[in-house]
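Thanks for coming. I will take a few minutes to go through one model, starting with the whole chain and then moving to single places in it.

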Amino acid sequence: MFKLSLLLIAVVLVCCVSATGEKNGSDSSVSQNQTGNVANTIYKNTTFQIVTWNWNIISVPYLVALWVLVCWLCKLVFGLKHKLITTIPESALLICSGLVLGAIVWGANTVQTFSLQPTVFFYFLLPQIILDAGYFMPNKLFFANMGSILVFAVIGTCWNAATVGLSLWGVYLGGIMGDLKISLLEFLLFGSLLSAVDPVAVIAVFEEVHVNDVLFIIVFGESLLNDGVTVVLYNVFDSFVTIGAGNIDAVEIIKGVGSFFVVAFGGSLVGVVFAILLSLLTRVSKNIPIVEPGFIFVLAYLCYLTAEMLSLSPILAVTFCGICCQKYVNANMHEKSVQTVKYAMKLLSNGSETIIFVFLGISAIDTTIWVWNTAFVLLTLGFLLVFRFIGVFVLTWVLNRHRLVPLEFIDQVVMSYGGLRGAVAFLLAVMLDANKIKEKKLMVSTTIIVVYFTVVLQGITIKPLVTWLKVKRSVHYDPLLIVKLQSRAFDHILIAIEDISGQTGHNYMRDKWTQFDEKWLCWFFMKSSARKSRDYLFSVFHQLNLNDAISYVSEGEKKGSLAFLRSDNDANVDFEKKIGAEISYMTPRGTPDDTPVSIILQDHDSSVGLAMQALEQGRKVCSEDIDTHNMLQQNLYRARKQHRHEYSKNRISTNKDENEVQEIFQRTMRRRLESFKSTEMGIPNQKIFPKPKKDQTNEVSHDVYAFFFFDFLLPFISTKHYIFTNTAQLGFNMPTYLVETSHSCCIKKAI
């Protein structure tokens, strides 16, 4: 499989190179024809052509599709080598593969015809990555650490930009860098584009390291929110370079400081406005689950473009659009639409991220952008690392004086070492005006080295560093109900303490916001049906039932309680783990500890014992029924889940014939219940299923009561069609603890 993937990449790459040569050849021929006699360029067809070569028409989309395929095939190859990506981050491997691909293209054409352009990156690749990050943001964790995130994003970014720029300028004045034509403002401009932590690189590396949630959200939140600061600093210093140092006065400086608040808060406000619009659209959408996911992607992209059009921060706009709308949009949309949005967003995000890293490698193989200055490159790397460490440790020391859970020393080391730079810094350097900045090529070359150093070298070593420092890792699991209850109890306790002490902390503010959200925002942005389905007790009850059924089946397979369907040996149904002390009153004194619970239940004079005896005897005489059950489960019923071969614009239907499913259920249940009548349970031998007449097969309606184990009925029933009820009409009573633990179930169905 690995060799096949490499072969596919080679074939597609050859197609790309040949297509590029064809494109260049056609362009050169067109230019030659244009300079020649126009009359000679006219070609008259004297016969009808069945097949024509229209490469000039589809060359651009064809090349785009081929390169997307090449990038995704690279990701596929690395995915096949799981041990490789556990050692080296996938982002570093993709950059290295881009270097190889770029060398092949450059060797074939002696010129780099492909590179990562700012327009493609900022308008077509970056928006979906930021939307995915904002839409699936853990809101509670994000806003709980908002203060720390803003400190690192604002003060930390300004600190890095100023210290790196001023330090490089000071060293330049010392004459170490040689003869360079760079002013103080240009050094500050270069420091501003390198100051921001790149969100794409952070997502790619830190998700593979699996650091704890608090550490991840601080670094990730900083990478998202420092975009506003970076854009402001970049635009301010770029404008100052254009204006000239002699024309800068206090008014211009005040305008630059004020632009920060306009760009940051303006971009966030645009995101909130589009989140409101998106929530209202999904609130009124009805019976269109196919179109609902499109609203999210289209409006989020319009949000990004609107912020860019107004010279605001598009990254902040899309981030807060996703954060503010996710709760209401997920509640309003159909469940299938929610899953569609989830998988489509992950597809676009991962696909764009792969393309970015591959083309970061391809763009470096270009002789026209490289200018080398050893002192400038090494000093830039050194200053970035040193001042990043200083800034993080100083700011953390200040924050820990006010944080309830302080950041530990090892967390600060990982935060300092995890300041990764990526495509944003590289493309900001590419966007510099060569007419104003004479050393643009040197800045672009140095930025590429910085990106490779942070993503490749620091990305490879950060995982061993986290392991060596024994940093607390994140463990993703579904918390138990008791954990959720304790967490909520702690929240209420903290709110009460703040209320009693007269302090207004973030717990008090969060509680007030929750009350406002439940009272007004949910009423305004959610459908009435969505508000009803959000009942907390109902959701907990549903989750407990689902978890109980899943755990019963899985534990029954392990303990042998489901073995009577597949084996002739005796099956011991181990209920002790589930019901514990609730059956202790049934255990006789002197009973050995290793006595199976099924024997105790059979010997006990109760309805459970009768039921166990019935199942034991029914198991021995119903081998034919068991074979029928397995045949229906494996062949007949499962095949009906396939999609129909029919066209519909508004729905996706499945093969569900209610009459046939009902017939299967009736026939199976009739045979199972007949096995009960052959036992000595004391149940009157009466017809529970009156046989319908031939002309009234679809009109007969009567209630069916059956006491049976969950695994018999699993292929035939669904919880939305059946309800639990008592079994008094069958002649025996169901113990309460069995009903509550779902070890057995009673099914009532109106047939």
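First, the ground rules. This is a predicted model, in which local features need pLDDT of at least 70, side-chain atom pairs count only at pLDDT 80 or more, and totals for chains, interfaces and linings use all residues. Residues are numbered from 1 along each chain as its sequence is written, and side-chain values use heavy atoms, with hydrogens and water left out.

Now the chain. Its secondary structure comes to 29 helices and three strands. Helices here are DSSP runs of H or I with at least four residues, strands are runs of E with at least two, and both are numbered from the N terminus. Of the 751 residues in the chain, 45% are buried. Buried means under 20% relative accessible area, exposed means over 50%, and partly exposed is in between, with a 1.4 Å probe and protein chains only. The accessible surface comes to about 40700 Å², and carbon and sulfur atoms hold 62% of it. Those areas come from the Shrake-Rupley method with a 1.4 Å probe, and for residues only the protein chains shown count as cover. As for contacts between residues at least 6 apart in sequence, 79% join residues at least 24 apart; contact means heavy atoms within 4.5 Å.

Next, a helix pair. How do α2 and α14 pack, in angle and in distance between axes? Helix α2, residues 55–80, meets helix α14, residues 335–364, at an angle of about 95 degrees, and their axes are 9 Å apart. The two are therefore roughly perpendicular, a label for angles of 65 to 115 degrees. The axes are lines fitted to C-alpha atoms over the stretch in contact, and angles run from 0 to 180 degrees between N-to-C directions. On the α2 side, the residues in contact include Trp67 and Trp72, and on the α14 side they include Leu347 and Phe359. By class, the contact has nine nonpolar, three polar and one charged residues.

Staying in α14, Ser352 is part of that helix. Ser352 is buried, at 4% relative accessibility. Not counting residues up to four places away in sequence, Ser352 touches Leu125, Gln128 and Ile129.

Now α13, residues 314–332, which holds Ala317. Is Ala317 buried or exposed? Ala317 is buried, with a relative accessible area of 0%. Beyond neighbours within four places in sequence, its contacts are Gly267, Val270, Gly271, Cys303 and Ala307.

In helix α12 we find Phe295. Phe295 is partly exposed, at 24% relative accessible area. Leaving aside neighbours within four places, Phe295 is in contact with Leu278, Leu281, Ile288 and Ala300.

The loop between α12 and α13 contains Ser311. Ser311 is not a glycine, yet has a positive phi of about 60 degrees. For background, most residues other than glycine have a negative phi. Ser311 is exposed, at 54% relative accessibility.

Last, helix α18, residues 440–469, bends by about 40 degrees at Gln458. The bend is the angle between axes fitted to the seven residues ending there and the seven starting there. Just after α18 comes Lys470, with a positive phi of about 60 degrees. Lys470 sits in the loop between α18 and α19, and Lys470 is exposed, with a relative accessible area of 71%.

How values were computed
Angles under 35 degrees count as roughly parallel, over 145 as roughly antiparallel, 65 to 115 as roughly perpendicular and the rest as oblique. Ala, Val, Leu, Ile, Met, Phe, Trp, Tyr, Cys and Pro count as nonpolar, Asp, Glu, Lys and Arg as charged, and the others, Gly among them, as polar.
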